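This report describes a ligand site and a sheet. Please view the sequence and model below before reading on.

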Amino acid sequence: MDTETMIPSEPLRGNITVPGDKSISHRAVMFGAMAHGRTTVDGFLDGEDCRQTIKCFQNMGVHIQHDREQGKVTIESRGLEGLHVPSQWLDVGNSGTTIRLMLGILAGRPFFSVIGGDESIAKRPMARITDPLKKMGAAIYGRDDATYTPIAVNGGTKLNGIDYELPVASAQVKSALLLAGLQAEGTTTVREETRSRDHTERMLQAFGVDVNIDGHAVSITGGPSLQGRHVDIPGDISSAAFLLAAAAIVKNSHLRVSNIGVNPTRAGVLDALVAMGADITLENERLVSGEPVADIVISEKPLRGTTISGALIPRLIDELPVLAVVATQAEGQTVITDATELKYKETNRIETTVEQLRRLGANVEATEDGMVIEGPTPLSGAEVHSFNDHRIGMAFTIAGLIAKGSTTIHGSQANEISFPGFYEAVRALSTP
Ligand code: S3P
């Protein structure tokens, strides 16, 4: 297990890019594998999760070339019918997005498959996907009534479209149902009270599929075929968030993070930082492969507490651990609420964030659906752990840039899941 030690940082200065968007990278491979012809991808995230997605589709006979140096992927497929019965079980590693979206694809394929992953995946709830897929007619089995992995899919049963209201906003569940809906008879409508990230809807349209969006309801009618195309992937705002958070709390920082996806269903972290008083501007705003992209410029400013709740939560769900670190430096109270979903991520992120912030001396209380942080509190270096959760390891690395003394992060290699080169990037920016 790797360890990194951080000490108080100099002001962060400069111009940096971050690796490609994880959500969009997974989808580019999946949709390319479901499409007819050639799909080429630039800016692909060479992280462990996305490499696992490539392996799963290679395991089903799809021809995929990955040039890791160049960030390029080429996928040649004969459409959904080109997917073959996998000779081995499909291993998603640590990737919740891979397993959940793939369940939607596998449900409609006429073959038997088994899908699972690592210890963290084995604890994550799958019933939120398998229940509605069963309602559509899928034959799906697994521990506790297909709540936990490994999950077996006996494809080939006829799927019927459904009209389904998501109990909790989730792009993974919405996407899985739309991908099953592509292969179902009739129309599938997914409704959510607050809108989750819409990369699936945008990319399906780019691949030539009719997607009907009416407020918070998304509908798709079974039968269309996808056509291969080129996809340019922007930098991941969830990775940029760690650097933006660092620049927001390290005195006198001024940083530009270029070429970042700022899709409004993802960019809640910018709204939260601005609500806390951060000085953020977007430059060079443009649309790339159907996704809004911009350069983000941030300067350190005194911060105040805020409330992060309701419709904002799905727009920044992955950024809450690092926002909690930022909140320790804001004047007054920050309340994070309506975020029960944090309990079902790679770790229980309410527990792993609160417990370790306390170890650094922060004034924080866990609540049933979030946490309350009182600031500003000077942090003191301590031993922390990623618990193999990339976003926890990286959030506490950022805390180490302002904590007195030294902060040791055990299990630091977790950053490889979504942000390879994270430690090099932080060191390059924080040392003069
Ligand atoms: C993702 C959706 C989110 C997010 C995850 C990636 C996606 O999960 O936390 O990191 O790519 O669709 P939920 O939609 O389940 O909240």
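An oxygen atom of the ligand lies 2.9 Å from an N or O atom in the side chain of Ser170, a polar contact being a pair of N or O atoms within 3.5 Å. For the side chain of Arg27, the corresponding distance from an N or O atom to a ligand oxygen is 2.7 Å. Asp318 places a polar side-chain atom 2.7 Å from an oxygen atom of the ligand. Of the 380 Å² that the ligand exposes when taken alone, the protein buries 94% (Shrake-Rupley method, 1.4 Å probe).

The model is predicted: local features need pLDDT of at least 70 and side-chain atom pairs pLDDT 80 or more, whereas totals for chains, interfaces and linings use all residues. Residues are numbered from 1 along each chain as its sequence is written, and side-chain values use heavy atoms, without hydrogens and water.

## Surrounding shell

The residues around the ligand (a heavy atom within 4 Å) include Thr97, Gln172, Arg197, Ile317 and Lys345. Helix H1 (22-34) and helix H7 (171-181) each contribute at least two residues to this shell; helices are DSSP runs of H or I with at least four residues, and strands are E runs of at least two.

## The four-stranded sheet

Four strands form an open sheet of mixed pairing in the order E2-E16-E18-E17, where pairing requires at least two DSSP bridges between two strands. Strand E2 (13-16) and strand E17 (279-288) are the edges, each pairing on one side only.

E17 and strand E18 (residues 291-299) run antiparallel and are joined by eight bridges. Leu287 has Pro292 in E18 as its bridge partner.

Conventions. A polar contact is a pair of N or O atoms within 3.5 Å; within protein, one must be able to donate a hydrogen and the other to accept it, and residues adjacent in sequence count only if both atoms are side-chain atoms.
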